[in-house]
Amino acid sequence: AAPLIATVAPAPAAAPQAATKRARRPRLWAAVLVAWLYNFGIAVAALQQPYLFNTIFNPDGSNQPTPKSAVLYGFKKALDYLCTFMSVGAAGALSDAVGRRPLMAYASAGLGLGFLLVARSRAPSVLLLAGVIDGLSSCMGNICQAYVADLSSDDASRAKNLALLQGLSLTGAFLAGMPVSAIISSAIAKPAKAIKADADAARAA
């Protein structure tokens, strides 16, 4: 009789595939970290942008508020929120098609470009353009929530993961960012007061 030959499927071939799946599996910490950095940047800039807008309309370069600077800043924020309202749904639908991570990168790039325009320009039209760019790319929160929902296995884990995302990346970022913003504002206010004092002395003379 012919000897029986046992045929066993080679197990090692499946191991690299399992490792690849584990490597590509979304992780909660990635969404939390990206959202935290995004919101931290917003928190740090929150107190700085009004100062920058004030310096545009003050001849002496001081950062004291003026009616014109308040109107310009209000229009910039209004454009930001309007563009966010108009575009966030489309960004969510696009993330369903191309994935969450490209939209996270898009939101980060839009926020950075908006900050750069505000920091480098003194033209009101460019500052308003920064508000439009920021608004059209303000989808980080929704995309990160969708990212977390994707990796959650059931309703209980989804609720837990979304709570962690909101608590750490939003509340945590603002708790850390606002004191930093206040420190920077205090450092900026000192030379601004000196500029104003020099201008007052020059006018008095």
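Analyst: Let's start with the crossing of helix 4 and helix 6, which is right-handed; that term applies when the near helix is turned clockwise from the far one by less than a right angle. This is a predicted model, where local features need pLDDT of at least 70 and side-chain atom pairs count only at pLDDT 80 or more, while totals for chains, interfaces and linings use all residues. Residues are numbered from 1 along each chain as its sequence is written, and side-chain values use heavy atoms, leaving out hydrogens and water.

Helix 4 spans residues 67–98 and helix 6 spans residues 124–136; they pack at an angle of about 30°, with axes 7 Å apart. The two helices are therefore roughly parallel, a label for angles under 35 degrees.

Which residues of helix 4 make the contact? They are Leu 72, Phe 75, Lys 76, Leu 79, Asp 80, Cys 83, Thr 84 and Ser 87, where contact means heavy atoms within 4.5 Å. From helix 6, the partners include Pro 124, Leu 127, Leu 128, Val 132 and Leu 136. By class, this contact has ten nonpolar, four polar and three charged residues, with Gly counted as polar.

Stepping back, the protein has eight helices and zero strands; helices are DSSP runs (H or I) of at least four residues, and strands (E) of at least two. Of its 205 residues, 31% count as buried, meaning under 20% relative accessible area with a 1.4 Å probe. Among contacts between residues at least 6 apart in sequence, 75% join residues at least 24 apart.

Note on methods:
Axes are lines fitted to C-alpha atoms, for helices over the stretch in contact, and angles run from 0 to 180 degrees between N-to-C directions. Angles under 35 degrees count as roughly parallel, over 145 as roughly antiparallel, 65 to 115 as roughly perpendicular and the rest as oblique. Buried means under 20% relative accessible area, exposed over 50%, partly exposed in between (1.4 Å probe, protein chains only).
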